[in-house]
Amino acid sequence: VSAIYLDNAATTAVDPRVVEAMLECLGAEGDFANPAAVAHEPGRRAHRRIEQARAEVAAMVGADPAQIVWTSGATEADNLALLGAARFYHTKGRHLVTSRTEHPAVLEPCRQLEREGFEVTYLKPAADGIVEPWQVEAALRHDTILVSLMHVNNEIGVVQDVGAVGRLCRERGILFHVDAAQSAGKLPIHVERDCIDLLALTAHKLHGPKGVGALCVRREPRLGLVPLLRGGGQERGLRPGTLATHQVVGMGVACRIAAEVREEESARITSLRERLWQGLSGLPGVMLNGHPTQRAPGILSVTIDGVEGESLLYALPELAVASGSACATTSAEPSYVLRALGRSDRLAQSSLRLSLGRYTTGTDVELAVRSIRRAVERLRAVAPGSAG
Amino acid sequence: LNRDDPRYGAEVRRRMAGLVGAGEFAPGAGVAQARAGDREQGAEVQLQVRVEAGRAVELRFLAFGCPHFIAAASWLTDRLRGATRAGFEGWDWREAAAALEVPPAKFGRLLVLQDAVRTLAGNWPGENGSTV
């Protein structure tokens, strides 16, 4: 018996077509050679596959292939963008703007930059999780060098208007970085149209492999970055190290498939998410976290009053879902994202994130609704003040 | 599907599966009640004991909290059956910590249970007239 997988915001299953392409790059008969070794034919074959993948990733976000820098994932891409750009442009200014609900892959580099003498303004989103463009505009200063805003929040699924923020940054000559880990391949995003200078991507959220991502870097005019690593000069010196051909190829295929099926798949997943919400919203004390309509197709975050989050997860062994707490250890800290939206610690801990993906079915949704309703009723029945 | 979750020991799993002792007694003579904890802090419990001839003959619990906390409340309803008031007064949370393999980060929640048990001792039926 396996659990119904509703944790696609954490990671997704690799598409079989991606697996097939990756396997072609591993064995002795495959394209396993070092793609930097273009002096021989196997190396050139691997190099061609890398460049094909680069083109596939670039096409998904409206970029030129030369803008793509391979990384180990979105965390590294975010770090390279923030630390690299801030350190390169430190003589121009030492102020950055971001939001309180960003992923730690953005918040932690911001804290590191504060230790290095930079100032960071952390914008507070409204109770619906939205950071309005006017808030960004109001936070800009003469010495602001970079704004960082995630496209889709990983916990609550709200979508930020990155196009509007990008335009106001571009008008002022301020760099704009977007973490698109949760949105790429699911929502339209276009680095030129949305005036994005630095775009962080990852493969494993869109049915590609873990361990590979990319940073899309503006080329016209060329944007400066101080690399995090020193080594052999790969990726124009921005990210040295031998490329993992099978991972990169997997990301390319995953992005190509995602771009091909995006509209149809997003509509189907949005419909399933709405069914899930309809099924849960009938329970007393259930609240939706985040904006009701400005949200990504596959992420539903709910707070369920009257049950404790860890016990709720425990009571749902048949579901693979995430709670509203860090929950990496036995000490479960309430989610800082939900707290930033105004939820109390208790309500933040009584929250579930259900995230749907390519392989989620209507039956999965129906079973999940039934399981959650049953678990909530059972836990409420044994809570003080709730017994009938 | 929880059987391989390393955070929970066998006793927690057994207690959470059955929720033995959950519920409330009907109001009546010989029954004492205590509440402790705070839902806002993540742990709240109601304990009841029915006493006959100076001994606890049955206990009931209601609890809001993590699986360790709920399981510990359930475990108490068996552990304290047959105990006298003095047994309630002297009960120590460390016994539950050991029996249920509670991680140190959650020890504070067991103190909530200890508070409830000692309050029950104070409300012991027949001693000062406290009944539900």
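Visitor: How many aromatic pairs does a search of the whole structure find?

Guide: In this predicted model, the search finds 5 aromatic pairs over all chains. One of them is formed by A:Tyr314 and B:Tyr8.

Visitor: What makes A:Tyr314 and B:Tyr8 an edge-to-face pair?

Guide: Two values settle that. Ring centres must lie within 6.5 Å to pair, and these are 4.9 Å apart, centre to centre. Planes over 60 degrees apart count as edge-to-face, and here the angle is 85 degrees, so the pair is called edge-to-face.

Visitor: Why does this pair join two chains?

Guide: A:Tyr314 lies in helix α8 of chain A, while B:Tyr8 lies in the segment before α1 of chain B, so the pair joins two chains.

Visitor: Are those two tyrosines buried or exposed?

Guide: Buried means under 20% relative accessible area. A:Tyr314 has 9% relative accessibility, so it counts as buried. B:Tyr8 has a relative accessible area of 3%, so B:Tyr8 is buried too.

Visitor: Why is the pair of B:Trp93 and B:Phe107 called tilted?

Guide: Stacked planes are under 30 degrees apart and edge-to-face planes over 60, with the rest tilted. The planes of B:Trp93 and B:Phe107 are 50 degrees apart, and the centres are 5.0 Å apart, so the pair counts as tilted. B:Trp93 lies in helix α4 and B:Phe107 in helix α5 of chain B, so the pair ties together parts that are 14 residues apart in sequence.

Visitor: What are the accessibility classes of B:Trp93 and B:Phe107?

Guide: B:Trp93, at 13% relative accessibility, counts as buried. B:Phe107 has a relative accessible area of 27%, which makes it partly exposed, since that class runs between 20% and 50%.

Visitor: Why is α3(A) called largely enclosed?

Guide: In α3(A), 12 of the 15 residues are buried, so the rest of the structure largely encloses this helix. Among the buried residues are A:Leu80, A:Leu82 and A:Leu83.

Visitor: What about helix α11 of chain A, which has 20 residues?

Guide: Helix α11 reaches 29 Å from its first C-alpha to its last, close to the expected 28 Å. Its buried residues include A:Val365, A:Ile372 and A:Leu379.

Visitor: Why is A:Arg374 called partly exposed?

Guide: A:Arg374 is in helix α11 of chain A. Exposed means over 50%, and A:Arg374 is at 49% relative accessibility, so it counts as partly exposed.

Visitor: Which residues touch the most other members of the largest nonpolar core?

Guide: That core has 70 residues, and A:Leu354, B:Val45 and B:Phe88 touch the most other members. Apart from it lies another core of 48 residues, among them A:Leu206.

Visitor: Where in chain A does pLDDT stay under 50?

Guide: It stays under 50 over residues 326-331. Where pLDDT is low, the predicted coordinates should not be read in detail. For chain A the mean pLDDT is 95.

Note on methods:
Residues numbered from 1 in each chain as written. Chains lettered and ligands numbered in written order. Predicted model: local features only at pLDDT ≥ 70, side-chain atom pairs only at ≥ 80, totals over all residues. Heavy atoms only, no water. Buried < 20%, exposed > 50% of the residue type's maximum accessible area, 1.4 Å probe, protein only. Helix = DSSP H or I, 4+ residues; strand = E, 2+ residues; numbered from the N terminus. Phe/Tyr/Trp six-rings, centres within 6.5 Å; stacked < 30°, edge-to-face > 60°. pLDDT = per-residue confidence, 0-100. Contact = heavy atoms within 4.5 Å. Core = buried A, V, L, I, M, F, W, Y, C linked by side-chain atoms within 4.5 Å. Expected span 1.5 Å × (residues − 1).
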